[in-house]
Amino acid sequence: MTMAGQTINDRLLAARHSLAGQGLAKSVCKATTEECIGPKKKHLDYLVHCTNEPNVSIPHLANLLIERSQNANWVVVYKSLITTHHLMAYGNERFMQYLASSNSTFNLSSFLDKGTVQDGGMGVPGGRMGYDMSPFIRRYAKYLNEKSLSYRAMAFDFCKVKRGKEEGSLRNMNAEKLLKTLPVLQAQLDGLLEFDCQSNDLTNGVINMSFMLLFRDLIRLFACYNDGIINLLEKYFDMNKKHARDALDLYKKFLVRMDRVGEFLKVAENVGIDKGDIPDLTKAPSSLLDALEQHLATLEGRKVSAANTPTQSASYQRTNVKSAVSALSSTSSAFGTAAASSKFDTTNGIDEQLKAQVLAEEEAAMNQYKSKLSSPTSSGAAGASAALTNPFLSSPPASQAGQPIVDLFGAASAQPAAAAAAAPQALATKASDDLLQLGNPFADMFEASGGNAAAAAGATGAALNANNLWMHNNGFNGSTVSSAAATNAFVSDSNFTSVFGNTEPADPCNGIHLKIQRNQVLIGHHNQWRLQLVLAIVQWHMA
């Protein structure tokens with residue numbers, strides 16, 4: 001394994017998936033390479049997109065990640081856990097539901113990368129890095145399993161529920177359900193705090209990325225936890241004896257976890273996270289615990305101190321609860337603000353202010369473009385240029401209305417007066433001279449639209465084509481052929497008679513009918529051949 005760049009194993013595995021047409025497996029492989037950096041954002045974004053696609057198998061994706069976590073290389077295993085955590089946080093909820101409902105969890109409680117220890121630390125720069133990272137991999141996998149189990153128990157993710165006094169899920173939960181929810185939340189928070197890393201342990205990009213994901217979860221989990229404790233304290237003096245005993249036990253555990261959360265936040269501050277982005281922890285007064293214990297003792301019938309009468313005790317307890325709720329509310333507000341911030345939210349990869357700035361610039365550019373199009377000068381110039389280059393216009397632009405138009409497939413009515421004057425001479429020829437009566441449409445139209453310059457060029461072309469037998473006998477020259485070409489008929493009269501019969505009968509009336517019939521046959525052949533020619537030219541242009 002190398003510390004920089006993908007290894008041969010990574011490239012071979014990606015190539016194998018590419019040849020097999022396994023795009024999803026290739027993306028998982030790219031996100032969990034042996035390169036000692038965190039998974040690249042482009043691969044994580046693609047996998048997040050895959051979780052939102054209905055045609056992507058979520059079980060297949062989860063199994064691919066779990067399969068990669070069974071690798072012997074600690075980097076591959078760690079990056080597969082990070083990728084899974086990222087999809088839990090930012091992917092579709094279907095991914096979380098599958099992990100919670102299936103038995104496919106990370107079984108890494110005994111993971112240990114001995115590769116770098118056996119070769120004396122020469123396998124990678126940093127010596128015993130794989131051996132040192134193994135405990136964090138085991139703890140990280142345990143936390144992800146706890147995260148899945150809490151979703152299985154509650155059917156929602158604590159990191160995604162609403163927080164706050166007005167709409168907070170745990171803040172407005174009834175007492176009985178709250179007593180069942182807080183232990184599940186505590187178990188997940190314990191799994192996170194057991195990661196137990198120090199600032200000197202964050203020595204590479206892999207563990208740094210996992211620490212940031214854990215920091216993000218910690219802010220959201222403790223915000224929910226704090227809301228639940230506030231709700232618990234507000235309902236404590238209205239609970240029965242059993243519920244009050246459970247609530248007091250939960251509050252004692254909350255105080256212990258608050259100290260451990262403070263230690264985690266100190267590590268985050270030491271590794272470079274801005275102090276302004278770390279929420280402040282405001283602890284409740286220590287006298288609150290005494291008040292809660294006295295109230296429980298009263299419910300259980302135990303003796304209380306003689307210094308406090310029941311009336312004085314109740315008043316004292318209510319005051320302590322109000323002060324504690326006020327302190328915890330400030331903590332809840334600080335953590336709620338940090339949780340709502342997208343600075344550590346890598347789902348979009350950019351800061352919200354930068355995103356708003358880019359959107360404003362794009363909107364200004366679009367408005368400028370629309371105003372340019374709506375201005376009369378620019379619209380007129382743009383319309384003229386578009387009309388000149390648009391081959392699908394039904395009518396020519398006004399600027400070219402007086403110029404001759406070259407129509408390759410136009411009828412005889414589109415020809416100029418010179419071509420119309422030569423038409424009687426062309427009709428005076430025999431029908432067998434030009435069987436299709438098609439002429440050369442290209443030569444006719446370009447010769448008619450050329451003007452005086454075209455006349456001079458036509459004379460030169462006629463001199464050059466005088467001895468060209470193909471130009472005389474190709475059947476396309478029609479009325480514009482020279483006198484030399486007129487002697488070389490396309491079809492002789494005898495051949496025409498042998499095919500279509502005698503066209504000069506003795507009876508003049510019958511001869512007229514036969515001529516009409518012959519003209520109809522010729523026109524039919526002419527139209528059919530002309531249509532085939534047009535289709536062939538259109539297909540050639542499209543090709």
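1. Helix α8 covers residues 129-154, and its 26 residues reach 38 Å from first C-alpha to last, close to the 38 Å expected at 1.5 Å a residue. The expected span is 1.5 Å times one less than the number of residues; helices here are DSSP runs (H or I, at least four residues; strands are E, at least two), numbered from the N terminus.

2. A quick caveat: this is a predicted model, with local features needing pLDDT of at least 70 and side-chain atom pairs counting only at pLDDT 80 or more, while totals for chains, interfaces and linings use all residues. Numbering runs from 1 along each chain as its sequence is written, and side-chain values use heavy atoms, leaving out hydrogens and water.

3. Back to α8: have a look at Pro 135, where a kink of about 30° is centred. The bend is the angle between axes fitted to the seven residues ending at a residue and the seven starting there. After the helix comes Ala 155, with a positive phi near 65°.

4. Tyr 78 is worth a click. Beyond its neighbours within four places in sequence, Tyr 78 is in contact (heavy atoms within 4.5 Å) with residues including Met 133, Phe 136, Ile 137 and Tyr 140.

5. Tyr 78 also has one of the highest contact counts inside the largest nonpolar core, a set of 104 residues. Such a core joins buried (under 20% relative accessible area, 1.4 Å probe, protein chains only) Ala, Val, Leu, Ile, Met, Phe, Trp, Tyr and Cys residues through side-chain atoms within 4.5 Å. Helix α10, residues 205-236, gives the most to this core, 18 residues.

6. Overall, the chain has 23 helices and 0 strands.

Key. Buried < 20%, exposed > 50% of the residue type's maximum accessible area, 1.4 Å probe, protein only.
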